[in-house]
Amino acid sequence: MDLLRFVTAGSVDDGKSTLIGRLLYDTKQVFEDTIVSLRRASEAQGLGEINLALLTDGLRAEREQGITIDVAYRYFATPRRKFIIADSPGHVQYTRNMVTGASNAELALILVDARKGVVEQTRRHSALTALLGIRNVVVCVNKMDLVDSSEARFRKVEGQFRQLADHLGVEHVTVIPMSAVSGENIVHAATTMPWYEGPALLEFLETVEVDDPAQHGALRFPVQYVVRPHTTTHHDYRGYAGTVASGSVHAGQEVLVLPLGVRTRVAGIDRYRESPGCAQAGDAVSIRLEDELDVGRGNMITDAGAPPAVTNRFTADLCWMSDTSKLLPRQQFWIKHTTRRVRCVVESLDDRLNVPDFARETAPAAFELNEIGRVTVRTLEPVFVDPYATSRDTGSFILIDVATRRTVAAGMMREALGEPATA
Amino acid sequence: MTITAIAEESMRHRELDALEAEAVFIMREVAAEFERPALLFSGGKDSIVLLRIAEKAFWPAKFPFPVMHVDTGHNFPEVIEFRDRRVAEVGARLLVASVQEAIDAGRVVEESGVRASRNRLQTPVLLEAIAEHQLDAAIGGARRDEEKARAKERVFSFRDEFGQWDPRNQRPELWRLFNGMHVKGEHMRVFPLSNWTELDIWHYIEREALEIPSIYFAHERDVFERDGMLMSVSPHLPMLPRETPFRATVRYRTVGDMTCTAAVASTAADVRTVIEEVAVARVTERGASRADDQFSEAAMEDRKREGYF
């Protein structure tokens with residue numbers, strides 16, 4: 001993968017902004033005028049040297065309060081890879097921002113203060129990372145300069161985290177000792193930690209192989225838009241535009257169209273002024289079908305042999321994101337799932353996750369802002385359910401408030417259910 | 001080509017493919033979720049890429065929305081000529097929101113003094129045009145790498161009934177699930193190129209062989225220096241007593257209003273040499289050429305709150 005998206009998580013004092021600032025600064029991604037304005041801002045805060053953290057704090061309130069409020073996106077490239085960083089504040093009140101930043105990330109950087117080791121914040125960040133299906137985690141054991149670059153200290157923190165990762169089932173964990181303030185093991189290898197033989201952070205990020213499960217899943221093609229030119233050259237053209245969410249599709253392939261439940265074949269695949277024979281996950285194309293069918297936005301073209309479950313009821317993990325209301329059972333929403341938007345009701349709140357100790361409280365009365373738990377959702381029209389664990393694109397959804405039309409929750413599908421026993 | 005150069009080239013192609021697919025997806029979401037969208041087209045390089053993405057997203061059909069330009073009346077003539085030609089080529093309908101007309105009609109008041117600029121007047125004129133044409137979405141070419149307030153803006157950026165952006169009250173935006181729902185009077189700004197960098201734009205222009213206005217390439221021009229920046233001599237921008245014009249070989253890194261867009265000294269005469277220049281540039285494009293961002297640490301954030309692009 002030549003474009004690596006990663007999310008960073010750390011709390012106010014972990015040095016996360018400094019770490020990102022260092023990554024950008026030492027890879028020469030910071031421009032001179034930015035440095036000049038940074039120096040000016042650092043001086044205004046009474047600091048002698050450039051505060052690299054100011055590089056990432058973009059909003060007025062953030063600079064004034066010295067905290068990160070919102071997810072900021074940063075870009076940098078080396079000759080080996082382009083990187084998109086979703087820089088997320090880590091405090092408990094910003095859980096929704098971390099969930100947002102993690103939703104499109106393939107890898108997570110979790111910062112740990114070497115002096116403190118694994119703390120409640122670390123457990124929270126790790127749990128969210130696991131919940132959002134991120135399989136690669138880099139633990140940045142920062143501030144090694146403040147523990148005399150002690151190997152014993154590092155090994156202790158590493159041991160703590162590996163135990164946590166095992167518990168959460170995070171597959172690939174890499175632990176790197178570093179100092180963001182002095183730049184040790186960020187871009188340049190550390191000179192003060194001869195006992196550490198692994199890569200510096202940047203080298204690791206440039207070379208880590210990230211598997212994209214969508215590439216080898218079954219075909220999922222949510223129809224986004226129907227292209228009908230009505231021109232003399234393309235008079236009868238009818239193409240279903242969309243992005244392949246998982247698997248691959250080729251001309252001649254037998255497919256199943258949902259919710260119609262009709263089987264047909266792919267007549268052709270089009271992309272601007274060409275008709276490639278096939279397309280794979282991530283490609284934005286138009287598909288032509290052999291039979292004339294009533295297909296529109298919100299329908300799905302899927303693998304004929306391994307379709308998703310078509311259902312009105314399913315369970316999901318849900319993160320409540322509204323700061324003006326709480327989630328109560330039987331509340332109604334719009335659900336947006338792939339390109340499909342239908343009315344739904346959150347039938348029940350089944351449990352609530354206490355993030356730091358991973359305990360689950362059953363049948364909570366409500367979810368407040370930033371709370372996460374298991375729910376059962378019933379939809380007015382059927383939806384096409386894949387478990388989030390197997391398909392991120394077709395297993396994720398958002399809930400939209402019917403009155404304000406704001407996004408109030410992020411959901412990850414778990415299991416399709418049959419109709420309730422008593423209606 | 002060396003093996004490393006070939007590997008880098010193919011990496012870049014895959015990276016551009018991914019950015020293009022993401023932008024096409026967003027463009028289609030806009031067409032599907034909004035009733036009256038329009039694409040903001042200034043004739044600048046980012047909006048040129050945006051227009052090509054729109055062409056691709058709906059091919060072989062034409063893209064199903066008009067193109068809109070907020071014309072300050074102080075634009076570079078080369079760019080206006082290019083705008084009209086390009087819009088005619090793609091067969092789109094062009095809506096022009098004219099700052100001059102708004103001034104003439106007394107709807108906005110022109111700044112006075114030597115440093116007067118129509119840059120700020122674009123905001124009320126844009127908001128008026130959005131209301132007049134009842135637009136519910138305006139697709140723009142802004143990128144998050146341009147500026148630190150932009151770095152925090154959503155792809156679907158919600159505007160209240162006054163057209164304002166509230167950075168502390170943005171909708172969460174997750175996965176590929178963009179929420180376009182709104183009530184009448186509110187609208188959305190949509191930025192399909194959010195994840196592109198300046199260099200990505202240039203690589204894409206090269207790969208797609210896109211035509212761009214001539215002022216992006218090195219040319220001779222009468223300029224004068226102001227606040228360390230090279231401004232074009234023009235009737236729209238009176239010189240101060242101690243400013244003296246001279247002839248220089250320059251090009252533009254961004255294309256905006258003549259009163260606030262500066263040139264950079266350059267001999268880059270084609271896309272390839274521009275890319276080489278951008279790749280080693282040590283100053284951001286807005287820092288190099290946009291006087292409008294220099295006023296304060298939060299100049300862009302403040303303008304965006306008011307409803308700027």
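In which handedness of crossing does α2(B) pass α6(B)? The legends below take up this point and the surroundings of α6(B).

The structure is a predicted model, in which local features need pLDDT of at least 70, side-chain atom pairs count only at pLDDT 80 or more, and totals for chains, interfaces and linings use all residues. Residues are numbered from 1 along each chain as its sequence is written, while chains are lettered from A and ligands numbered from 1 in the order in which they are written.

**View 1. Helix α2 (residues 45-58) of chain B against helix α6 (residues 198-207) of chain B.** The two axes lie 10 Å apart, at an angle of about 55°. That angle makes α2(B) oblique to α6(B) (under 35 degrees is roughly parallel, over 145 roughly antiparallel, 65 to 115 roughly perpendicular, and the rest oblique). α2(B) passes α6(B) in a left-handed crossing. On α2(B) the contact is made by K45(B), D46(B) and V49(B), and on α6(B) by I201(B), Y204(B) and I205(B) (contact: C-beta atoms, placed from the backbone, within 7 Å). These residues divide into 4 nonpolar, no polar and 2 charged.

**View 2. Helix α1 (residues 3-33) of chain B against α6(B).** Their axes come within 11 Å and cross at roughly 100°; α1(B) and α6(B) are therefore roughly perpendicular to each other. R12(B), L16(B) and L19(B) of α1(B) meet D200(B), H203(B), Y204(B) and R207(B) of α6(B) in the contact. By class, it has 3 nonpolar, 1 polar and 3 charged residues.

**View 3. Confidence in chain B.** The mean pLDDT (the predictor's confidence in each residue, from 0 to 100) of chain B is 87, and 91% of its residues reach 70 or more. For the complex, the predictor gives an ipTM of 0.91 and a pTM of 0.91.

Methods: Axes fitted to C-alpha atoms, helices over the stretch in contact; angles between N-to-C directions. Helix = DSSP H or I, 4+ residues; strand = E, 2+ residues; numbered from the N terminus. Left-handed = near helix turned anticlockwise from the far one by under 90°. Contact = placed C-beta atoms within 7 Å. Nonpolar A, V, L, I, M, F, W, Y, C, P; charged D, E, K, R; others polar.
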